[in-house]
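Please work through the following exercises with the coordinates at hand. Each task is followed by a stepwise solution.

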Amino acid sequence: MAVELDLHTQLQAQIERDLATWNDAQQKQSMRYRAAREAATALQADFHLAPKHLLAIGDSWFDYPIQGNNPLSGPSDIKVQLQAICSPSPIIYSTAHRGDASTDEMSLPKQERILQLLMDKSKWPSGKPDAIIVSAGGNDVAGNNFSIFLDYNDGAASGLNAQRYTGVLAIVRSSYLSLFSLRDRHAPGVPIYAHCYDFPTPNGVPAPCGYGPWLKPSLDFCNWPAGAGKVIVHDALAQFKAMLDGLAADPSNKFHVVPTQGTLNDTHWANELHPDPTGFRMIAQKFATALGMNQLSPAPALEAKASSAKRSTKTATTKKAKAGKRKPEPVSGR
């Protein structure tokens with residue numbers, strides 16, 4: 001027990017260091033923008049750099065520490081992609097951490113962390129965030145928990161157990177309502193934007209370092225084959241989105257659902273639950289559109305990749321054409 005407590009303490013300390021490193025970098029960038037604005041004001045010049053200042057609350061879709069499944073590359077999550085594709089790049093303070101369920105995100109320690117950021121007025125040019133972005137709910141269902149919500153396939157069961165799954169959606173809904181209440185007390189009027197993930201294929205592909213798979217093991221345990229399993233996961237996420245849409249239908253919640261379902265295809269996933277860098281960028285573009293942020297068009301990385309591929313194709317085509325036109329050399333006899 002003492003060893004477990006020590007590991008938990010070390011993990012929490014590491015989370016605090018990770019968040020501090022990210023948020024310190026955001027504050028430094030924000031100070032650069034403020035310095036530029038003050039200089040423009042002093043010189044009576046137009047100021048062209050007014051980034052949105054956002055607060056991110058969430059799970060691994062906001063805190064995916066690697067690119068795709070490559071542990072040697074940098075992160076590729078939504079907040080990283082937002083900063084890459086938007087001009088000016090938004091300032092995104094964060095409490096997000098991979099593995100968090102919605103109940104973790106709105107637990108007392110996390111609410112205190114959110115409050116600490118909200119109350120630090122030096123972080124917000126207008127006194128509060130321009131918006132709060134959220135990725136919450138996936139970890140309440142996925143992982144070993146997923147088996148809880150499945151009926152055993154006896155030839156008559158339909159997949160998701162309606163009563164049990166409705167129960168977990170009610171818990172996720174309560175977490176969102178708690179966030180709305182916290183926002184109303186400490187940042188009234190700030191809109192909240194959440195996404196609804198997308199439809200993965202439960203194929204058993206894990207992330208590195210022993211994380212995952214999250215869906216297929218539970219489906220296998222409950223005797224569901226691959227095709228039926230994909231339908232079950234699709235149904236679960238469709239119900240999740242319907243729950244979020246219900247919250248968005250109440251204007252007093254000032255809540256918006258970013259329509260991310262149906263954005264990705266099977267080629268855009270790094271593993272069972274996480275997109276690859278291109279997939280994360282596509283989801284980030286949905287957020288940028290919903291938030292009204294200017295996007296670089298096309299995204300620099302994708303433009304460079306497309307240009308490189310085009311050059312390669314053109315070079316290969318040219319070489320082939322030249323080879324076809326070349327006259328055969330005469331063969332000299334001995």
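The model is predicted, so local features need pLDDT of at least 70 and side-chain atom pairs count only at pLDDT 80 or more, while totals for chains, interfaces and linings use all residues. Residues are numbered from 1 along each chain as its sequence is written, and side-chain values use heavy atoms, with hydrogens and water left out.

**Exercise 1. Determine how many residues of strand E3 are buried, and which strands pair with E3.**

Step 1. Helices (H or I, at least four residues) and strands (E, at least two) are DSSP runs, numbered from the N terminus. Buried means under 20% relative accessible area, exposed over 50%, and partly exposed in between (1.4 Å probe, protein chains only).

Step 2. In strand E3 (residues 131-135), 5 of the 5 residues are buried, so the strand is largely enclosed by the rest of the structure. Ala131, Ile133 and Ser135 point one way, whereas Ile132 and Val134 point the other way.

Step 3. Two strands pair if DSSP finds at least two bridges between them. Strand E1 (residues 53-58) is parallel to E3 over 5 bridges, and leucine 55 has isoleucine 132 as its bridge partner. Strand E4 (residues 192-195) also pairs with E3 in the parallel sense, over 3 bridges; here isoleucine 133 stands opposite tyrosine 193.

**Exercise 2. Identify the side chain of opposite charge nearest to aspartate 140, and describe the surroundings of this aspartate.**

Step 1. Aspartate 140 belongs to helix H5 (residues 138-141). For charge, Lys and Arg count as positive and Asp and Glu as negative; His and the chain ends are not counted.

Step 2. A salt bridge is a side-chain nitrogen of Lys or Arg within 4 Å of a carboxyl oxygen of Asp or Glu. Aspartate 140 is buried and has none, the nearest side chain of opposite charge being lysine 110 at 12 Å.

Step 3. Contact means heavy atoms within 4.5 Å. Beyond four places in sequence, the contacts of aspartate 140 include Ser102, Thr103, Asn145 and Phe149.

Step 4. Phenylalanine 149 is in the loop between H5 and helix H6 (162-186) and counts as buried at 6% relative accessibility. Its C-alpha atom is 5.8 Å from that of leucine 160, 11 residues apart along the chain.

**Exercise 3. Which residues have the most contacts inside the largest nonpolar core?**

Step 1. A nonpolar core is a set of buried Ala, Val, Leu, Ile, Met, Phe, Trp, Tyr and Cys residues joined through side-chain atoms within 4.5 Å.

Step 2. The largest such core has 76 residues, and Leu82, Ile133 and Tyr176 have the most contacts inside it. Among the residues that leucine 82 touches, beyond four places in sequence, are Ile92, Ile133, Phe287 and Met293.
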